[in-house]
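Dear colleague,

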Amino acid sequence: MRAALATNTVGDVLRDWRRRRRFSQLDLALEAEISARHLSFVENGRSAASRDMLLRLAERLALPLRERNRLLVAGGYAPVFAERPLEQPDMRAALDAVRAVLAAYEPFPALAVDRHWTLVAANDALTPLLAGVAPHLLRPPVNVLALSLSPEGLAPAILNLGEWRRHILERLRRDAATSGDPELDRLHDALQALPAPGGRSQAVHPSDADRIAVPLVLRHPATGRQLSFLSTTTVFGTATDVALSELTLEGFLPADEATRRALTGPSS
């Protein structure tokens, strides 16, 4: 799964991402409407690409904003896309929007994470589900995937842990391949090294044949009720800031009526 991420030249960056996107030089040249000869010269350093050409190539390769900046810097140009902390004053509107979306999910849990699955914000509905989690897993920075799969985290409460674990690891593998971020490779390896569930058999989602997605099925730590959630993902599709483009909002909606009643009823 792991591939070395070259960082030295324009050619290094382009070849790395062509391989990830499974583009030949000819494929990329046709997509970018330039000659394959010219692209070859750019990749081997015989020709210098303009700033506009690098941005066009980055667009055709669907590079993340962080990688577009890396390509520009490799070509001798200043980065185009800013990267500001979400707590910075001029990012306050974006962070307020994130918190508003998370609050709108209540009484169902929702959270926001950065590119390494570090918790950025969460709504109040998440807190009751974390009862019994080891305190060290809740100290910032909180990695929500480690929190989910750790034996000291939510793992003992997840009734379909084997299925959920496979889903998480596969999603993380795809994220690592798509983003080119070696830190996600390391996170994948660390999570894979956690103890895997044994042969326990528990009642989970009642309608396997009707599933539309892998549910998260867990037992509420206070009430003991079985809760079944479908995960939804929201991103800022038009972000021009690197940090904002890498922010993901994960909402967990009821996968069945019993879960909805358990979280919306007077005793929830």
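The lining of the largest pocket divides into 14 nonpolar, 7 polar and 10 charged residues; here Ala, Val, Leu, Ile, Met, Phe, Trp, Tyr, Cys and Pro count as nonpolar, Asp, Glu, Lys and Arg as charged, and the others, Gly among them, as polar. This is a predicted model, in which local features need pLDDT of at least 70 and side-chain atom pairs count only at pLDDT 80 or more, while totals for chains, interfaces and linings use all residues. Residues are numbered from 1 along each chain as its sequence is written, and side-chain values use heavy atoms, with hydrogens and water left out.

On a 1 Å grid over the protein atoms alone, a pocket is an open set of points with protein on both sides within 12 Å along at least five of seven lines, a cavity is a set where a 1.4 Å probe fits but cannot get out, and lining residues have an atom within 4 Å of a point. Grid points are joined across faces, edges and corners, and a volume is the space filled by probe spheres set on the points.

The largest pocket has a volume of about 780 Å³. Of its 31 lining residues, P64, T178, S179, S245 and E246 are the closest to its centre.

The second largest pocket holds about 220 Å³. Its lining has 13 residues, with L86, E87, D114, V120 and A243 the closest to the centre.

Yours sincerely
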